[in-house]
Amino acid sequence: MVKKTVLKVDLSGDKGRKKLLKAISGVQGVDKIEVDVAKGTISVTGDADPYDIIVRTRKVGKFVELVSVGPPPAPPKEPQKKPEEKKAEPKKDDKKTDPNPQFHYPVVYMDRYNEPNVGCSIM
């Protein structure tokens, strides 16, 4: 059964936050992890046992407080879009235009033997 576990944790440093996310993502059954730095909460969604998540968090060295465990919120329903009517497209001229107008100069490929200045340019 998929559940959403919300934990309150001190998320002060980047290094500690990275270690914490790595530890929690290693728990079997974790589908999604959401971090809210402003509130200091981590939301874990998946089949993972909340006890295992708390144990992993404490092993990293963080004090953790369980805020809530429950079903995840239902995804928002998107309204069905009506099929749009096709608009009349303007007729295109038969003139061929350059696909890259900024590159209209010919390109000449040279290797090191065909260069005009073969000598050393350092001296």
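With which side chain does the side chain of Arg 17 make a polar contact? The partner is the side chain of Asp 14, at 2.9 Å. A polar contact here is a pair of N or O atoms within 3.5 Å; within protein, one must be able to donate a hydrogen and the other to accept it, and residues adjacent in sequence count only if both atoms are side-chain atoms.

The model is predicted: local features need pLDDT of at least 70, side-chain atom pairs count only at pLDDT 80 or more, and totals for chains, interfaces and linings use all residues. Residues are numbered from 1 along each chain as its sequence is written, and side-chain values use heavy atoms, with hydrogens and water left out.

**Sheet**

Helices (H or I, at least four residues) and strands (E, at least two) are DSSP runs, numbered from the N terminus. Four strands make up an open, antiparallel sheet, ordered S2-S3-S1-S4. Two strands pair if DSSP finds at least two bridges between them. S2 (30-36) and S4 (64-70) are the edge strands, each pairing on one side only. Ignoring direction, neighbouring strands are turned by 20 degrees against each other on average.

Strand S1 (residues 3-9) is joined to S4 by six bridges, and six bridges also join S1 to S3. Some of the facing residues are listed here.

| Residue | Facing residue | Strand of facing residue |
|---|---|---|
| Lys 3 | Gly 46 | S3 |
| Lys 4 | Gly 70 | S4 |
| Leu 7 | Leu 66 | S4 |

**Helices**

Helix H2 lies across S1, S3 and S4 and runs at about 25 degrees to S1. Axes are lines fitted to C-alpha atoms, for helices over the stretch in contact, and angles run from 0 to 180 degrees between N-to-C directions.

Two packed helices are described by the angle between their axes and the distance between the axes. For H1 (residues 14-25) and H2 (residues 50-60), the angle is about 145 degrees and the axes are 9 Å apart. On the H1 side, Lys 19, Leu 20, Ala 23 and Ile 24 meet Ile 53, Arg 56, Thr 57 and Val 60 of H2; contact means heavy atoms within 4.5 Å. Of the residues in this contact, five are nonpolar, one is polar and two are charged. Nonpolar covers Ala, Val, Leu, Ile, Met, Phe, Trp, Tyr, Cys and Pro, charged covers Asp, Glu, Lys and Arg, and the others, Gly among them, are polar.

Arg 17 belongs to helix H1. Not counting residues up to four places away in sequence, Arg 17 touches Leu 11, Ser 12, Val 35 and Val 37.
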